[in-house]
Amino acid sequence: MSGATTWDDLLGTALVGTTRRAVDQLTIGTETIHADSAEATVLAAAALASGYRRAGWTPPTWRGTPAPPAGPDGRPECTPAATQLLELLLNRGIRVEGGPELLAVQWLNLAKNAGRRPPYRLIVDLLRFGTVNAATRALVRDVVGPRGVWLAQHNPSWSWAAAVPPQDVVERFATGTRVERLGLLTDLRATEPDFARTLIEDTWADEQAATRASFLDTLHAGLSANDEPFLERALDDRAATVRAVAATLLDRLPGSARARRMAERAKNLLTELPDEPDQEARRDGITDHREPGYGRAASWLIQILAATPLSTWDTGQIPKAEREVIIGWTKAALRQRNQEWLTALARHQPSPELVAALNPRAATDILDQQKKLDARFGGLLAAAPGPWPAKFSVEIVNRLRAHKANNVLQLAATALAEHLDPQALAAVEAWLLTVAPDEKATRRVLRGIAHALTIRATIKQEFT
């Protein structure tokens with residue numbers, strides 16, 4: 001055989017045999033094969049050709065238009081120590097109270113605020129992290145930078161992080177499954193809320209009631225006064241589920257026309273219960289749903305107050321208000337995210353729901369006012385958002401230790417690990433030294449909190 005030998009040539013020789021097809025030497029690529037016998041020469045050539053086929057295959061010439069590269073990222077890379085911590089957190093190589101996700105979020109926030117980027121080799125891990133933990137996607141998108149956004153365009157699972165041209169978004173929304181469309185709207189509301197609402201409006205008339213309700217529910221993210229006209233129209237939808245979602249969303253817009261209508265209805269209702277809702281009130285979302293333990297009229301009152309702008313009232317009215325009025329105001333404060341009213345209501349009668357809605361400073365002020373370190377206090381402490389101030393962090397650890405409030409420690413372990421200022425580490429370690437050997441549960445929780453504080457302090461140090 002002469003010239004370069006192909007794989008088909010070798011197969012033909014093997015089939016007919018070397019006695020019928022003379023073999024002296026074979027050429028594979030640039031290599032000449034010559035062994036002691038014809039059979040050995042064929043086998044050696046086949047071994048080399050097989051390797052070429054598996055690892056030396058030349059792809060066909062690309063005929064398309066190459067994608068433009070990712071834009072430049074001028075942020076400096078984080079330190080090697082910060083990189084190591086992030087890698088361990090993303091790969092769950094660190095076990096801490098509450099899970100490594102909480103610390104990973106802290107890492108991402110600090111990196112974003114410091115204007116530092118992760119190493120490029122961890123971008124894929126970060127995109128996977130954001131895919132699994134949907135609440136972190138906006139943060140992950142900011143941290144991965146232009147390379148992450150570019151890379152996300154090439155994997156449908158990471159579409160939430162991709163910079164997709166508007167025409168492609170419209171096509172994906174028109175052709176995707178219901179789940180895919182919901183995911184697209186959810187991601188889009190975080191970055192371009194008006195565009196997301198326009199997509200819903202364009203297909204609204206053709207959607208089923210369940211789909212309309214679920215699409216409308218995505219407007220919770222990025223809700224603004226721009227959404228009011230659409231929500232006002234949705235109050236006239238033929239489906240009760242859609243009308244209910246629209247009313248819930250409008251509850252969060254105290255400047256809306258519906259809120260003004262509710263304020264008009266609420267006049268004089270602090271001293272008397274409302275009458276049967278008329279047709280206009282029914283359109284605005286007043287239903288016959290009963291609050292547990294309350295009759296129809298009291299339930300109507302609670303619904304009206306919950307949808308009335310809190311600027312209608314004065315927080316000084318809280319101490320003298322009836323229980324159903326307090327419930328209505330509490331619902332309104334939570335929906336309108338009014339910190340003044342949330343604080344005033346929490347001072348009057350704290351609850352985990354109210355404390356969770358406060359800013360960290362206000363929440364810890366409320367906790368400072370609580371005298372008993374019982375299970376109720378544990379629930380409030382577990383709900384308090386963070387990060388907590390350093391002074392409060394040290395004081396709460398010492399207070400729990402002094403009162404031997406191990407039950408509160410157990411209830412709020414995750415919150416303590418997540419929200420305590422790292423300056424409280426010394427107080428946690430001092431408590432740990434005094435724990436009796438038979439108090440294994442308390443010792444385990446304190447060790448977990450101390451471990452989390454140590455890591456958090458290290459992360460913070462790497463970005464300062």
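**Notebook: helices and their buried faces**

I started at Gln336, which lies in helix H16 (residues 323-336); helices here are DSSP runs of H or I with at least four residues, numbered from the N terminus. The model is predicted, so I note that local features need pLDDT of at least 70, side-chain atom pairs count only at pLDDT 80 or more, and totals for chains, interfaces and linings use all residues. Residues are numbered from 1 along each chain as its sequence is written, and side-chain values use heavy atoms, with hydrogens and water left out.

Is Gln336 buried or exposed? I found it buried, with a relative accessible area of 13% (buried means under 20%, exposed over 50%, partly exposed in between, with a 1.4 Å probe and protein chains only). Leaving out residues up to four places away in sequence, Gln336 touches Asp251, Pro254, Ala306, Thr308, Pro309 and Leu310 (contact means heavy atoms within 4.5 Å).

Next I turned to H3. Its buried residues are Ala82, Thr83, Leu85, Leu86, Leu89 and Leu90. They sit on the same side of H3, because they cover an arc of only 165° around the axis (the arc of the directions from the helix axis to the C-beta atoms). On the other side of H3, I noted Pro80 and Gln84 as exposed. The cover over the buried residues of H3 includes H4, H5 and helix H25 (440-462). Just after H3, Arg92 takes a positive phi of about 60°.

Notes:
Helix = DSSP H or I, 4+ residues; strand = E, 2+ residues; numbered from the N terminus.
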